[in-house]
Amino acid sequence: MGYDYAFAASSRFEPYARLAYAALATDAFVERGAGVFNLAATADTTNSLQSTLGFRLVQPLGLPGGVPLTARLEAGWQHEYLDADASLGAAFLADSTISFDILSNGPRDQALAAAGLSFAFSRNLDGYFEYRGSWGDGYSNSTASAQLRLRF
C-alpha cells in the first residue's frame, strides 16, 4: 500500500507499507547416487510474516538529445514476526546415528535500499541499471542488475 505525492516538476515521493505472509513446506526426501554419503532429510515447515515500511523517490531527468532518463531511490525497514530461523534435519542413510541440522539464522530486522536509472532511447529500445541491498544483524545481500530491451 502506497501513495504517490507529486512535487517539483514531475518528481514523485511514495511512502509505502507492505505486509507479506509465506509458508514453505518441505517434504522428507532421500538422496540417491552419492553412495555412503546419501542423506535422508526430514520434513519441515517454515512460516514467515514480514512487514516493510519505506519510501521511493522518482526523479525524471534528461540526457542530451532528449533521451528520457529516470532516477529512482528507495529505502525501507523490514521486520520478521515469525520464523527468522529455519532448519533442515538430515542423517546419513548408511548410518542413521550420524545426523545433523542445517540452520539458517536470518535477522529479525533489515535495512533495505535500492538505486536505479531507467532510460528509453526510442519506442523500441529501453533499459535500466539497478542496485538492491539488504542488511541486518550479521547479514548482507546485494544485487546489481541491468536490462537492455529491444522490441521488434
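Is Arg151 buried, partly exposed or exposed? At 34% relative accessibility, Arg151 counts as partly exposed. Keep that residue in mind; the tour returns to it. Note before starting that this is a predicted model.

**Stop 1: the whole chain**

Show the protein chain as a cartoon. Follow the chain along the sequence and the pattern is β-β-β-β-β-β-β-β-β-β-β. The radius of gyration is 23 Å, well over the 15 Å that the globule rule gives for 152 residues, so the chain is more spread out than a compact globule. Turn the model along its principal axes. The C-alpha atoms fill a box of roughly 70 × 40 × 25 Å.

Now select residues 1-152. UniProt lists this range as "domain: Autotransporter", in an unreviewed entry. Over these residues the chain is 0% helix and 72% strand.

Buried residues make up 23% of the 152 residues. Contacts also reach along the sequence: among those between residues at least 6 apart, 52% join residues at least 24 apart.

**Stop 2: the four-strand sheet**

Select β3, β4, β7 and β8. These four strands form an open sheet in the order β3-β4-β7-β8, and the pairing is antiparallel. Which strands stand at the edges? They are β3 (29-30) and β8 (99-105). Each has a single partner strand, so one side of each is left without a neighbour in the sheet.

Zoom to residues 85-92, which are strand β7. Seven bridges join β7 to β8, and the two run antiparallel. For one example, pick Asp85. The bridge partner of Asp85 in β8 is Asn105.

While you have strands on screen, show some side chains. In a regular strand the side chains alternate between the two faces of the sheet.

**Stop 3**

Select residues 109-120 for β9 and residues 125-136 for β10. How many bridges pair them? There are 11, in the antiparallel sense. Click on Leu117: the bridge partner in β10 is Phe129. Then trace the link between the two strands, a hairpin through four residues.

Move on to β11, residues 139-150. Strand β10 is joined to β11 by 12 bridges, again running antiparallel. Pick Asp126 here; the bridge partner in β11 is Arg149. The hairpin of β10 and β11 has two residues between the strands. Stop at Gly138 in this hairpin, which takes a positive phi near 70°.

**Stop 4: Arg151 and Asp126**

Arg151 is partly exposed at 34%, whereas Asp126 counts as buried at 11% relative accessibility.

Side chains of opposite charge can pair when their charged atoms come close. How many salt bridges are counted in this model? The count comes to six.

**Stop 5: the salt-bridge network**

Select Arg132 and Glu74. The two form a salt bridge, with the closest N and O atoms 3.3 Å apart. Arg132 lies in strand β10 and Glu74 in strand β6 (residues 67-80), so the pair ties together parts that are 58 residues apart in sequence. Is Glu74 buried or exposed? Glu74 is buried, with a relative accessible area of 14%. Arg132, at 36% relative accessibility, counts as partly exposed.

Glu130 counts as partly exposed, at 27% relative accessibility.

Together with Glu74, Glu130 and Arg132, they are linked in a network of salt bridges.

Methods: Residues numbered from 1 in each chain as written. Predicted model: local features only at pLDDT ≥ 70, side-chain atom pairs only at ≥ 80, totals over all residues. Heavy atoms only, no water. Pairing = 2+ DSSP bridges. Salt bridge = Lys/Arg side-chain N within 4 Å of Asp/Glu carboxyl O. Buried < 20%, exposed > 50% of the residue type's maximum accessible area, 1.4 Å probe, protein only. UniProt positions renumbered as here; feature names shortened; annotations may be inferred. Rg over C-alpha atoms; globule rule 2.2 N^0.38 Å. Contact = heavy atoms within 4.5 Å.
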